[in-house]
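Let's walk through this fold together, beginning with the sheet and moving on to the helices around it. Keep the structure open beside you as you read.

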Amino acid sequence: AYTPSGPRRQSESLAEVVKLKVVAPQPWVEEWGPTPGKNPGKPEWREYPIFRFFNYEYLILSFTMGVREFRPDIIHVDYPPWSAVFWQCVLVRKLFAPQAKLLAGAKKNTFRQPRGILGRIKKMISQEGSRHADHIEAASGLAAEMLQNAVAFPADRISVVTHMGVDTDAFCWRGGFPELWQRSELDRDLWYGSYVATYLERDVRNILNVSSLRDFDRFLRALA
């Protein structure tokens with residue numbers, strides 16, 4: 001999985017109670033910053049180069065992915081059962097850790113199926129991949145429904161984890177607007193103040209024909 005600085009805290013907390021090894025794709029490491037050094041009680045980090053097909057479809061350039069030496073009880077891959085790296089984990093488990101449970105992650109709530117034979121092939125691969133997953137963590141209820149409808153994955157083997165990979169403390173304070181995360185130098189209070197003044201007080205107020213700006217501001221604060 002990729003590991004930006006926020007979710008690393010989750011891995012570090014988990015490593016306090018179990019022996020944990022994180023396999024990180026090098027391009028993701030370059031994007032999110034270097035992985036932490038080796039510290040007692042922290043996860044073991046291993047970075048590997050990848051062969052990328054397109055977008056987020058890739059294979060780890062390692063035959064064992066460190067599984068042969070680590071012998072895990074659980075392998076968690078942060079991708080759905082139709083991704084290339086998931087199938088790589090299926091092979092690695094079969095060869096080096098057949099006792100391990102295989103968990104997958106599903107963040108998107110849509111299943112894009114091309115028309116014709118390509119769509120049927122994707123459907124077949126997806127259903128077969130799902131058969132190899134012991135459990136799937138879905139990022140939302142919609143993602144869970146998609147897994148049940150698109151690939152017939154059993155509902156009792158799906159957990160909805162809405163805060164998957166999210167630093168909730170930072171998110172609740174800074175909010176969910178992409179620009180605030182893409183540009184860390186932006187001041188949160190100034191940005192939201194400008195947003196309210198530009199879009200809500202001007203555009204929304206005009207559309208709703210609001211006569212009292214003071215009441216409208218109180219209404220916004222009550223909603224917040």
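**The sheet and its helices**

Four strands form an open sheet in the order E5-E6-E7-E8, with parallel pairing; strands pair if DSSP finds at least two bridges between them, and helices (H or I, at least four residues) and strands (E, at least two) are DSSP runs, numbered from the N terminus. Strand E5 (74-77) and strand E8 (158-160) are at the edges with a single partner strand each, so one side of each has no neighbour in the sheet. From one strand to the next, the twist averages 20°.

This is a predicted model, in which local features need pLDDT of at least 70, side-chain atom pairs count only at pLDDT 80 or more, and totals for chains, interfaces and linings use all residues. Residues are numbered from 1 along each chain as its sequence is written, and side-chain values use heavy atoms, leaving out hydrogens and water.

Now look at strand E6 (residues 101-106), which pairs with strand E7 (residues 135-138) in the parallel sense over four bridges. Here Ala104 stands opposite Ile136 in E7.

Helix H4 (residues 84-96) lies across E5 and E6, at about 175° to E6. Axes are lines fitted to C-alpha atoms, for helices over the stretch in contact (heavy atoms within 4.5 Å), and angles run from 0 to 180 degrees between N-to-C directions. Helix H6 (residues 141-151) lies across E6, E7 and E8, running at about 160° to E8.
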